[in-house]
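Let's take a friendly walk through a protein model, one feature at a time. Have a look at the display below, then read on.

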Amino acid sequence: MTDLIRTGEAARLLGCSRQHVVDLCDEGKLPVVRQGGSHRYVRRSDVLALTGRSLTRDQEQSRWLHGAIVGHLVTEPDLVLTRARGNLDRFSKVHTGTMAEHWLDLWRLALDSGLDHVLTVLVSDSPQATELRQNSPFTGILSEDERRTVLDSFREHWRTEHAL
């Protein structure tokens, strides 16, 4: 169960109070998972299902940035994968014993599974791929100009496609 989040994070995603999320859990409208102690956890995918949207703005923006990285990955796979592995090694030293270590280990498995698998993770809407992108080893692949261009394009997309 890799997409578990606390009720406070669920409240942020839903744009409501933490107490409202607790009420949803108590009413059976949001399945709860308890992991030791009194803390409630819920699945991010269950919370997002309540929003009627599969990805948050930040998650969709991350997917757009990683989509741009795909272009580099298919044209320069050895270079991009070598940089990603180097970043993983550096990040792993910094994040030993933290939750990020779990996601970095999953990235290492993804990289070891081959290029096709990595390409899928970079653009998938699955909860696991979404979480993996939040701990991405692909830092530094896009130039600052490329990154800015993607972010500008994404902002325009979000404004026109997701306007309320």
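Which helix gives the most to the lining of the second largest pocket? Helix α4, residues 57-75, does, with six residues. Keep in mind as you explore that this is a predicted model.

## The second largest pocket

Let's stay with this pocket for a moment. The second largest pocket has a volume of about 310 Å³, and 15 residues line it. Lying nearest its centre are Leu65, His66, Ile69, Thr139 and Arg147.

What classes of residue make up the lining of the second largest pocket? Seven of the lining residues are polar, five are nonpolar and three are charged.

## Two domains

Now step back to the whole chain. The domain assignment gives domain 1, covering 4-51, and domain 2, covering 57-161. Taken over C-alpha atoms, the centres of domain 1 and domain 2 are separated by 27 Å.

## Aromatic rings

Next, look for the rings. A pair of aromatic rings is described by the distance of the centres and the angle of the planes. A search of the whole structure finds three aromatic pairs. One of them joins Trp64 and Phe154: this pair is edge-to-face, with 5.5 Å from centre to centre and 70° between the planes. Trp64 lies in helix α4 and Phe154 in helix α9 (residues 144-161), so their pairing ties together parts that are 90 residues apart in sequence.

Trp158 is buried, as is Phe154. Together, Trp64, Phe154 and Trp158 form one aromatic cluster.

## The largest nonpolar core

Finally, turn to the inside. In soluble globular proteins, nonpolar side chains tend to be buried together. Here the largest nonpolar core has 26 residues. Leu73, Trp107, Leu111, Leu122 and Phe138 are the ones with the most contacts inside it.

Which helices each supply at least two residues of this core? They are α4, α5 (77-94), α6 (99-112), α7 (115-123), α8 (127-133) and α9. Helix α6 gives the most to this core, with six residues.

Note on methods. Residues numbered from 1 in each chain as written. Predicted model: local features only at pLDDT ≥ 70, side-chain atom pairs only at ≥ 80, totals over all residues. Heavy atoms only, no water. 1 Å grid on protein atoms, 1.4 Å probe; cavity = no way out; pocket = protein on both sides within 12 Å on 5 of 7 lines; lining within 4 Å. Points joined across faces, edges and corners; volume = space filled by probe spheres on them. Helix = DSSP H or I, 4+ residues; strand = E, 2+ residues; numbered from the N terminus. Nonpolar A, V, L, I, M, F, W, Y, C, P; charged D, E, K, R; others polar. Domains from an automatic or database assignment. Phe/Tyr/Trp six-rings, centres within 6.5 Å; stacked < 30°, edge-to-face > 60°. Buried < 20%, exposed > 50% of the residue type's maximum accessible area, 1.4 Å probe, protein only. Core = buried A, V, L, I, M, F, W, Y, C linked by side-chain atoms within 4.5 Å.
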